[in-house]
Amino acid sequence: MQLTAPVIRVAPIPSAHPYVRHVLTGGGIDLLPDPPPPGAPDGRWWPPVMCDAAWVTANRDDFDVMHIHFGTESFPAEHLRSLVRALRTSGRPLVYTLHDLENPQLIDQAQHLEHLDILVPAADAVVTLTAGAAAAIRRRWGRVAEVVAHPHVLALDADAPAGRRSDAAILGVHLRDIRPGTDAVRAVATLLDAVDRLRAQGVAAVARVQVNDRVRDEAARETVTALVAAHPAAELHRSERLDDAALTRSIADLDVAVLPYRTGTHSGWAELCWDLGVPVAGPRVGYVGEQHPEDFAAFDAGDGDALARAVRRLLAAAPRAGSAGRVARLTERRRRRTADAAAITAAHTAVYKRVLASPPAPADLAAPAAPLEPAGLAA
């Protein structure tokens, strides 16, 4: 008689985020749903209710392991210390995926770094997305992080458009709502400079800038608007926040996607571009270049010549939007993502089994850490 392995009940923070859903696509794991925050509209998970000592104490019998991904910026440091103490008292292990050594949602990183100094030493297991980030974690905290690649962003059953063919090479930057980690003005100025250089070299190139109607930095958007308006080979697309289908179509129409990052560590945007077969040029920020190095070209922020050279390399190696080559690339990428999904789920399941089989790690919440080095882009 074959016995069925027990289901592991995970309290994920948050549960509704696509990343969390996509790292666990198989059976054997039961994800607790996000409790609705008081007064929040349907579907909003922040601030995460499960990230709370009282919730842990009251619900300790409903989950086996807690896994924190995002959302701790909603709380002061002492709130997280209390959470860790409650998990220890309740005998529930903590897994922490360190996505960001620098939080792109914040201008002042002090609170985020304080949170890392609590969660990384206290976690029974630490996960991250690239070898470069794992090395930074080891240097700062002496922790060995499990490296598990970012999963697909585009749902495996979603339509993957091949884009529309254009005579000119479309180089696009999506500024979205211009969050603090977005270097909107410099990114657009650099892109326009690169377009000028490419056109002088005989490459028909057009800059396409997408930005939301509602942004966090209206002054930056107005400067971007003026820059684009003054350029003969640039276009501004301003709209309400794009839904998922419109967003995928917008990216698919690009021949090269340019990242506008000022700070950060990893990039879900680069992953979505990879899903859609669009190569990415990005500034030397964090470890984004390690995620898909075969489809990524780095440049120094503000250096239009370096961006032009990066674009030329990508255009020479990748199929254009709307081409048969792009269609073939999408088919192969979907195949690889499907295979990778099983491996990513298996890696997370193994982490959960390991922490559940081991005694909880001691949590010295006052332990000092080495200074955090700037996140560099691995070659």
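Predicted model: local features only at pLDDT ≥ 70, side-chain atom pairs only at ≥ 80, totals over all residues.
Trainee: Let's start with α4. What span should its 13 residues have?

Mentor: At 1.5 Å a residue, helix α4 (residues 110–122) should span 18 Å, and its end C-alpha atoms are 19 Å apart, so the two agree.

Trainee: Which residues of α4 are buried?

Mentor: First the general idea: an α-helix has 3.6 residues a turn, so residues three or four places apart point the same way. In α4, the buried ones are H112, H115, L116, I118, L119, V120 and A122.

Trainee: Take β5, then. Which way do its residues point?

Mentor: In a regular strand the side chains alternate between the two faces of the sheet. In β5, A125 and V127 point one way, V126 and T128 the other, and all are buried.

Trainee: In what sense does β5 pair with β4?

Mentor: Parallel, over three bridges, and V95 sits opposite A125 of β5. Together β4, α4 and β5 form a right-handed β-α-β unit. Next, the chain runs from β5 through α5 to β6, again a right-handed β-α-β crossover. β5 also pairs in parallel with β6 (residues 146–147), over two bridges, where V127 has E146 as its bridge partner.

Trainee: One last thing: how many disulfides are there?

Mentor: A disulfide is a covalent bond between the sulfur atoms of two cysteines. The count here is zero. As for burial, C51 has 0% relative accessibility, so it counts as buried, and C273 is buried at 0% too.

Note on methods: Residues numbered from 1 in each chain as written. Heavy atoms only, no water. Disulfide = S-S within 2.5 Å. Buried < 20%, exposed > 50% of the residue type's maximum accessible area, 1.4 Å probe, protein only. Helix = DSSP H or I, 4+ residues; strand = E, 2+ residues; numbered from the N terminus. Expected span 1.5 Å × (residues − 1). Pairing = 2+ DSSP bridges. Right-handed = clockwise from strand over helix to strand, strands pointing away.
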